[in-house]
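Here are a few worked exercises on pockets, cavities and charged pairs. Have your viewer ready, try each task yourself, and then compare your steps with the solution.

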Amino acid sequence: MADLLEQCLAEIHPLLRGGQLTPLDLLDATLERIERVNPVINAMASLAGNSARDQAEAATRRWASGEPLGELDGVPVTVKDSVRTVGLPWRHGSAAYAELPVSTSDAPPAARLKEAGAVIVGNTTMPDLGMLAAGVSSLYGITRNPWDPRRSTGGSSAGAAASLAAGIGFGSVGSDIAGSVRLPAAQCGLVALKPTQGRVPHLPVSTMRSAGPMARTVDELIAVYRVISRPDPRDVWSLPPEAEDRCTDALDPRVLRVGVLTDLGCGPAPSDPVLAAVRAAAAALASAGATVEPIAAPFGAEPGAGRGAGRGTGAGVGAGVGADPSPALDRLFQARAAAELAALTDEQRALVLPVVADWAAEAAGRSATALSRDTDVVLAAAEQLRTRLHGYHLVLSPVLPVVGFPAEDAGADVHRPLAHTGFTAWFNQTGQPAGSLCFGMDAGCPVGVQIAGRRFDDQLVLRMMRWLEGQRPFAMEWPLRAGALDELDAQVRG
């Protein structure tokens with residue numbers, strides 16, 4: 001049964017149709033996998049218990065009668081702790097919320113999954129307030145990467161990524177405000193999509209944060225995307241249904257103009273293994289006939305002013321062309337976290353992970369006019385990026401500038417926990433869809449590349465991810481095959 005969890009949905013569906021396998025079998029195998037691997041990776045926040053079994057029993061009856069609801073009917077999936085789901089606790093990754101009662105309503109992604117018959121087996125771990133791109137939480141402790149448990153999963157959808165890489169579920173829903181589905185997908189060898197803002201409804205309503213699908217294969221990613229992208233009137237930014245479904249249509253790279261962005265002009269420069277993965281993907285596209293061109297850095301120094309100019313200058317308020325807008329964006333994130341902290345009691349605030357609380361505390365005392373100026377800087381920078389990317393169907397870039405960092409760390413830079421999110425965070429600000437796909441390996445750990453598209457071109461991004469998946473120069477061998485759990489456990493204990 002455990003071997004079934006290593007198969008893809010295309011291999012599972014014939015077994016479900018033929019009666020050789022039932023959703024109850026899949027659920028039992030998944031629960032057994034959780035029992036074996038979760039003590040090592042610490043990816044699951046809570047299990048759904050009887051509700052998951054009820055969902056699996058109903059799906060088993062539908063498959064037996066030849067009337068499944070769709071490609072996710074009876075399929076085990078998970079949702080992030082921040083996606084409210086009936087019967088599961090919402091904790092937002094923090095010990096500050098440990099005593100809240102379980103949720104009594106389903107956020108749009110959970111509602112869509114249930115309508116499609118998917119079996120939500122539980123929710124997954126995340127860092128405090130979703131404000132770390134790492135897997136460290138005051139409530140859950142450290143979530144570990146199945147490829148190497150000494151390394152971070154990335155975040156904030158940390159448990160979603162670790163669980164999928166360990167064979168728990170066939171898809172997951174995370175949320176992404178600065179890269180929180182793409183970063184952990186890159187570090188755990190997965191695929192993920194941060195959709196066009198509004199394409200996947202979510203609550204609370206946001207123009208910056210999106211819920212997004214995560215999976216091991218692009219076809220499974222598409223299966224989740226098709227379900228959770230259905231509209232929901234509770235999200236006022238929810239987009240109408242897409243006119244047609246072309247997610248799995250063949251892609252002809254010869255008709256595409258693809259830009260390659262490896263330098264933002266500010267922030268940490270990508271490491272050699274990261275650049276190698278991006279260049280390999282670019283070479284595959286060029287060989288297939290795509291027009292592939294480098295893109296000049298959108299921020300930092302003016303072209304010709306020198307590679308290191310403009311980095312870490314701290315320019316923000318009043319910044320224009322040539323300045324570094326990342327400090328202004330960081331301050332907006334700080335203000336967002338500080339607002340959530342301010343709503344807590346003194347006792348609750350004392351429970352929040354110190355690195356998050358201390359970082360957010362820097363927002364204290366800033367004026368509303370300063371916040372407005374930072375907002376203007378970020379909006380101007382987003383427009384500057386859109387202008388630089390104009391004319392390209394797709395943009396290829398790193399997901400993060402490093403391959404990984406220690407599991408215990410709050411980020412690649414422990415003092416600025418979001419410093420390594422530059423390549424991802426700006427696509428939240430422009431509202432563009434952007435996906436992550438493994439296209440390299442370094443010292444046994446995955447290296448992801450990012451594929452971004454124009455607004456509303458989510459399906460083109462997915463088609464390109466599917467095409468690149470077929471061009472990947474190596475086979476994905478997931479880390480928990482053939483008794484690798486014992487080796488991982490030994491590494492953690494060591």
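## Exercise 1: The second largest pocket

Helix H9 gives the most to the lining of the second largest pocket, with six residues. Keep in mind throughout that the model is a predicted one.

**Task.** Find which residues lie nearest the centre of the second largest pocket, and work out how its lining divides by class.

**Solution.** 
- Step 1: Start with the volume, which comes to about 450 Å³ for the second largest pocket.
- Step 2: List the lining; it has 24 residues, and Gly267, Ser326, Pro327, Leu418 and Ala419 lie nearest the centre of this pocket.
- Step 3: Ask which elements give two or more residues to the lining of the second largest pocket; these are H9 and H13.

## Exercise 2: The largest pocket

**Task.** Describe the largest pocket by its volume, its lining and the elements that contribute to that lining.

**Solution.** 
- Step 1: The largest pocket has a volume of about 840 Å³.
- Step 2: Its lining is made of 43 residues, with Ser206, Thr207, Met208, Arg209 and Arg336 nearest the centre.
- Step 3: Two or more lining residues come from each of strand E8 (172-176), helix H9 (326-342), helix H12 (368-389) and helix H13 (422-430).
- Step 4: By class, the lining of the largest pocket holds 17 nonpolar, 16 polar and 10 charged residues.

## Exercise 3: Enclosed space

**Task.** How many cavities of 30 Å³ or more does a search of the whole structure find, and which residues line the largest cavity?

**Solution.** 
- Step 1: The search of the whole structure gives three cavities of 30 Å³ or more.
- Step 2: The largest cavity has a volume of about 70 Å³.
- Step 3: Its lining consists of Gln197, Gly198, Val200, His202, Pro204, Val205, Ser206, Arg209, Ser210, Ala211, Asp235 and Trp237.
- Step 4: Those lining residues divide into five nonpolar, five polar and two charged.
- Step 5: Move on to the second largest cavity, with a volume of about 60 Å³. It is lined by 13 residues, and Gly130, Ile177, Ala178, Ser180 and Leu418 are the closest to its centre.
- Step 6: The class count for the second largest cavity is eight nonpolar, five polar and no charged residues.

## Exercise 4: A nonpolar surface patch

**Task.** Which residues make the nonpolar surface patch of about 310 Å², and is Val236 buried or exposed?

**Solution.** 
- Step 1: The patch is made by Val205, Val236 and Trp237.
- Step 2: Place Val236 in the chain: it sits in the loop between helix H7 (218-228) and strand E11 (257-260).
- Step 3: The relative accessible area of Val236 is 64%, so this residue is exposed.

## Exercise 5: Salt bridges

Side chains of opposite charge can pair when their charged atoms come close.

**Task.** For Arg144 and Glu408, find how far apart the closest N and O atoms are.

**Solution.** 
- Step 1: The closest N and O atoms of this salt bridge are 3.4 Å apart.
- Step 2: Arg144 belongs to strand E6 (residues 144-145) and Glu408 to the loop between strand E13 (394-398) and H13, so the pair ties together parts 264 residues apart in sequence.
- Step 3: Arg144 is buried, at a relative accessible area of 15%, while Glu408 is partly exposed, at 44%.

**Task.** Which elements hold Arg331 and Asp374, and is Asp374 buried or exposed?

**Solution.** 
- Step 1: The side chains of Arg331 and Asp374 form a salt bridge, 2.8 Å from N to O.
- Step 2: This pair links distant parts of the chain, with Arg331 in helix H9 and Asp374 in helix H12, 43 residues apart.
- Step 3: Arg331 is buried, with 18% relative accessible area, and Asp374 is buried too, with 3%.

**Task.** By about how many helical turns are Arg349 and Asp346 separated?

**Solution.** 
- Step 1: Arg349 and Asp346 form a salt bridge, with the closest N and O atoms 2.2 Å apart.
- Step 2: The two are three residues apart in helix H10 (residues 346-349), so about one helical turn separates them.
- Step 3: Arg349 is partly exposed at 28%, whereas Asp346 is exposed at 53%.

Notes. Residues numbered from 1 in each chain as written. Predicted model: local features only at pLDDT ≥ 70, side-chain atom pairs only at ≥ 80, totals over all residues. Heavy atoms only, no water. 1 Å grid on protein atoms, 1.4 Å probe; cavity = no way out; pocket = protein on both sides within 12 Å on 5 of 7 lines; lining within 4 Å. Points joined across faces, edges and corners; volume = space filled by probe spheres on them. Helix = DSSP H or I, 4+ residues; strand = E, 2+ residues; numbered from the N terminus. Nonpolar A, V, L, I, M, F, W, Y, C, P; charged D, E, K, R; others polar. Patch = residues over 30% accessible without salt bridge, like charges linked within 9 Å, V, L, I, M, F, W, Y side chains within 5 Å. Areas by Shrake-Rupley, 256 points an atom, 1.4 Å probe, with all protein chains shown as cover. Salt bridge = Lys/Arg side-chain N within 4 Å of Asp/Glu carboxyl O. Buried < 20%, exposed > 50% of the residue type's maximum accessible area, 1.4 Å probe, protein only.
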